[in-house]
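User: Please take me through this structure, one feature at a time. Begin with the conventions.

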Amino acid sequence: MPGLNAQATKLAGYEFYEKVLGSPKYIVAPMVDQSELAWRRLSRRYGGQLVYTPMINAKLFSENNRKAFREQQFNTAEGEEGSPEDRPLIVQFCANDPEQLLTSAKVVEPFCDAIDINLGCPQDIARRGCYGSFLQDEWDLIYRLVNTLHKNLSVPVTAKFRVFPTVEKTVEYAKMLESAGAQILTCHGRTRDQRGHNTGLADWEKIRAVKQAVSVPVFANGNILFHSDIERCLEATGADAVMSAEGNLYNPAVFAPSLASMPPPVLPPSDPNTPHPRHWHIATDTGLHPAHTTLALEYLSIVKSLKTPTSNGAIKAHLFKLFRPALSRETDLRDRLGKMRVDRGKERECVEKWEEVVRELDARMRRDAMDVNDKTIDELITIDPATGLKILPHWVAQPYFRPLPPPPGGQTLKKKEIKSESAPADSPMTNVNMQSAATEEPPTSSKRTTSERSPEPNDDASKRIKLNTDSTDSG
């Protein structure tokens, strides 16, 4: 498998991309608490060719007295993270101190193919912690973060960043990252102000400008809802690959073409005597949309098979995103999922409780799918009047989107007015705002364990302010 053979000389740029990573085209993004080992394995089964770990706090990870935190973030004890089944793999850190970053990177260096620096997180927690996109005005510091890893690691360093308001500054920024030693650049086509209800569209033109300005591989990030958006993005940006975050969370098969040589695995329904619905898995817009309960059962099966623990917070978040099309109907199951609690030391037993709820939902979804067995796929798919995008039957995995917010003055934009030069005119991404509804999912406990809290800032003026890891969006 690419990336597992030791290299006499550290490969760089396209040589690294091709010989070590295997020229991946479909990339699963780093997502805080959401691109954990079990999800990475599921995503690879459905077409993910390169996967990133969740964002890891380099400050906490670098401290010798935080063994529990290290094992929670990247478990080396069980030998599964960074194993042949988990490669190619890039580990992402957020950081604002070059020495802390290097110390942390050295720990995981033997278990990955590259180290990525998060320069894109736009959340308030990143502002308070002084990392992610809130470092983008400190170019000297960013240069030192990248260059320190470039000079001192046996694996390459990469960087994921957000664009600036202007093409010119975005290109200048990308060139600086390349000159510092970044061997792959992932360009998220949104500014750091584009978040929450103001997420809006990613600007593919800026990604294209970055691609044309640098000599290292460029991954495009943003505006991927359906499989058909992938080729549109590659054509519009000229990027070497496409990275998906939210698209992957709502449908981990987003990279799987509808004409895939291998059909999706079909796990047994709650009742073995239940017939298989005609449209249980749907192929549309060149992509595959499996039944979300099938995906959930497969994911939980992976969780149970691993020695590496999977946090129940991650499991709950994945299930709520997968089941979003159905939970507004099945409110009793939504409430059961939301109220599920896990006693310390009984995490593995809880997986069976998750499965009970999933199998109950599976039975209801099969019932609904059987009720329309005589219909065609075209009859089952509707069009959202606000966006013009397809809404698929509620039992299959599908993207979540909401219309763009109204302009100042409160007038709602008409569809023909919501256009963007960042996507072709016939692209569904010309009038959509992709954004997860975090407020619609029951939150996990707001209290953090001792191992998750950041210590007080060091008195040393050379150290940056404290880092935190509360965000689930790594930018």
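Analyst: Helices (H or I, at least four residues) and strands (E, at least two) are DSSP runs, numbered from the N terminus. This is a predicted model, in which local features need pLDDT of at least 70 and side-chain atom pairs count only at pLDDT 80 or more, while totals for chains, interfaces and linings use all residues. Residues are numbered from 1 along each chain as its sequence is written, and side-chain values use heavy atoms, with hydrogens and water left out. As an example of the element names, His-188 lies in residues 182–188, which form strand S7.

User: Is His-188 buried or exposed?

Analyst: The classes rest on relative accessible area: buried is under 20%, exposed over 50%, and partly exposed in between (1.4 Å probe, protein chains only). His-188 has a relative accessibility of 7%, so it counts as buried.

User: At what angle do the axes of H5 and H7 cross?

Analyst: Axes are lines fitted to C-alpha atoms, for helices over the stretch in contact, and angles run from 0 to 180 degrees between N-to-C directions. H5 covers residues 98–108 and H7 residues 139–152. Their axes come within 9 Å and cross at roughly 35°.

User: How do the residues in the contact of H5 with H7 divide by type?

Analyst: Contact means heavy atoms within 4.5 Å. From H5, Pro-98, Leu-101, Leu-102, Ala-105 and Lys-106 take part, meeting Leu-141, Arg-144, Leu-145, Thr-148, Leu-149 and Asn-152 of H7. Ala, Val, Leu, Ile, Met, Phe, Trp, Tyr, Cys and Pro count as nonpolar, Asp, Glu, Lys and Arg as charged, and the others, Gly among them, as polar. The contact residues of H5 and H7 therefore divide into seven nonpolar, two polar and two charged.

User: Which two residues touch the most other members of the largest nonpolar core?

Analyst: A nonpolar core is a set of buried Ala, Val, Leu, Ile, Met, Phe, Trp, Tyr and Cys residues joined through side-chain atoms within 4.5 Å. The largest one has 121 residues, and the two that touch the most other members are Ile-115 and Leu-177.

User: Which helix gives the most to this core?

Analyst: The largest core has 121 residues. The helix that gives the most to it contributes eight residues, spans 347–371 and is H16.

User: What is the relative accessibility of Val-108?

Analyst: Val-108 is in helix H5. Leaving out residues up to four places away in sequence, Val-108 touches Phe-61, Phe-74, Val-91, Phe-93 and Ile-115. Val-108 counts as buried because its relative accessibility is 0%.

User: Which backbone nitrogens does the side chain of Asn-118 reach?

Analyst: Asn-118 is in strand S5, residues 114–119, and is buried because its relative accessibility is 0%. A polar atom of its side chain lies 2.9 Å from one backbone nitrogen, that of Gly-120. At 3.0 Å, the Asn-118 side chain also reaches the backbone nitrogen of Cys-121.

User: Which elements do the buried residues of H10 pack against?

Analyst: In H10, seven of the 10 residues are buried. They are Ser-228, Asp-229, Ile-230, Cys-233, Leu-234, Ala-236 and Thr-237. These pack against strand S1 (26–28), H9, S8 and strand S9 (241–244).

User: What is the omega of the peptide bond from Arg-87 to Pro-88?

Analyst: Most residues other than glycine have a negative phi, and most peptide bonds are trans. Pro-88 is in the loop between helix H4 (67–73) and strand S4 (89–94). The bond from Arg-87 to Pro-88 is cis, with omega near -5°.

User: What is the phi of Asn-223?

Analyst: Asn-223 is in the loop between S8 and H10 and is buried, because its relative accessible area is 0%. Its phi is positive although the residue is not glycine, with a value near 75°.

Key. Polar contact = N/O pair within 3.5 Å; in protein donor to acceptor, adjacent residues only side chain to side chain.
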